[in-house]
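Trainee: Could we work through this model one feature at a time, with the terms spelled out as they come up?

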Amino acid sequence: MSWALVSAAYSRTRRREFAAACLQGACLLVPEDGPAVNLTTGDVVLTPHGTRHTLTDPGRAGAQGPTALLCGGYQLDRSRPHPLLGTLPETIHRPSQVGRHQDLSAAVSLLGAELQNPRPGTDAALPTLLDLLLLYVLRAWIEDESARGTTGWPAALADPAIGNALHAIHDDPAKPWTVEALGKKANLSRATFSRRFAALVGEPPLTYVTWWRLTVAERLLRNSDTALAPIAQHVGYSSPFAFATAFKREHGVSPGRYRLRHRDQS
């Protein structure tokens, strides 16, 4: 990811997974299609789908003082995105509010302090703080959406029962999950759990388990030299043959060919 501290005079069209934190002053984010967003000190905005936009002076009467923005882009893996990303709006704006999303406010304050007054260790601190900024923006959005009664992934992640089941799947994809076992993690009966999971996540529990296993496997194939047998075991398949069959059914190619294709493209 790349970041830059810019002044209020900044006005430039972008198209990428863009984020900005207003460290001082105010500015206006104007998307190509949609309402403009006013940013003031402490506000954070994220355009998760690369919406084209312009950052410019708000033009408010009586506005005084300089504006400092922390602007940058996150490089998101689009090869097999999590379904949550597809539900994100074109623009996520989280204004600075006393008593709300204090972790996000703290991340913005710490980033501003490190950039405006670099000290020993700043280079090591910045990557972690930038990752936390993205995490806290998405967490704030999920919390706000679930509080409004929104269905889908925000509701699924905020639901204690379904959230527990999702955490279990993500933490241990190799476990031989059944609907009954996941229902126990959620403290729900098999039938009740299955209905609630499908209603919130949008697909049956074991369909999601398979999707997650193959997503983990795909990343290992692209980003490591781990042999197929350990990968198969890591994501819950009893043999490399069973893993290869499931992977080819999903991707149309064998795991080995998928890895070679990815290396040829890198």
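Trainee: Which helices each supply at least two residues of the lining of the largest pocket?

Mentor: In this predicted model, helices are DSSP runs of H or I with at least four residues and strands are runs of E with at least two, both numbered from the N terminus. A pocket is an open set of points on a 1 Å grid over the protein atoms alone, with protein on both sides within 12 Å along at least five of seven lines, and its lining residues have an atom within 4 Å of a point. The helices that meet the condition are α1 (83–87), α3 (122–147), α4 (153–158), α5 (160–171) and α8.

Trainee: What is the volume of the largest pocket, and which element supplies the largest share of its lining?

Mentor: Grid points are joined across faces, edges and corners, and a volume is the space filled by probe spheres set on those points. The lining comprises 26 residues, with His82, Leu84, Leu85, Leu135 and Leu138 nearest the centre, and it divides into 16 nonpolar, five polar and five charged residues, where Ala, Val, Leu, Ile, Met, Phe, Trp, Tyr, Cys and Pro count as nonpolar, Asp, Glu, Lys and Arg as charged, and the others, Gly among them, as polar. The volume is about 780 Å³, and the largest share of the lining, five residues, comes from α3.

Trainee: Which rules decide what is reported from a predicted model?

Mentor: Residues are numbered from 1 along each chain as its sequence is written, and side-chain values use heavy atoms, with hydrogens and water left out. Totals for chains, interfaces and linings use all residues, whereas side-chain atom pairs count only at pLDDT 80 or more and local features need pLDDT of at least 70.

Trainee: How much space lies in the largest cavity?

Mentor: Rolling a probe the size of a water molecule over the atoms shows where empty space is left. A cavity is a set of grid points where a 1.4 Å probe fits but cannot get out, and the structure holds one of 30 Å³ or more. Its lining, which includes Arg94, Arg100 and His101, divides into four nonpolar, five polar and two charged residues, and helix α2 (residues 102–116) gives the largest share, three residues. The space in this cavity is about 50 Å³.

Trainee: Which residues does Asp144 touch, not counting residues up to four places away in sequence?

Mentor: Asp144 lies in helix α3 and counts as buried, because its relative accessibility is 11% and buried means under 20%, exposed over 50% and partly exposed in between, with a 1.4 Å probe and protein chains only. A contact requires heavy atoms within 4.5 Å. With that exclusion, Asp144 touches Arg94, Arg100 and His101.

Trainee: What phi does His101 have?

Mentor: Most residues other than glycine have a negative phi. His101 lies in the loop between β9 (92–94) and α2, and its relative accessible area of 13% makes it buried. Although His101 is not a glycine, its phi is positive, at about 50°.

Trainee: Is Asn187, which also has a positive phi, buried or exposed?

Mentor: Asn187 lies in the loop between α6 (179–185) and α7 (190–201), and its phi is about 60°. Its relative accessibility is 70%, so Asn187 counts as exposed.

Trainee: Which residue of β8 is the bridge partner of Phe18?

Mentor: Six of the six residues of strand β8 (residues 68–73) are buried, so the strand is largely enclosed by the rest of the structure; Ala68, Leu70 and Gly72 point one way, and Leu69, Cys71 and Gly73 the other. Two strands pair if DSSP finds at least two bridges between them, and β8 pairs with strand β3 (residues 18–24) in the antiparallel sense over six bridges. The partner of Phe18 is Gly73.
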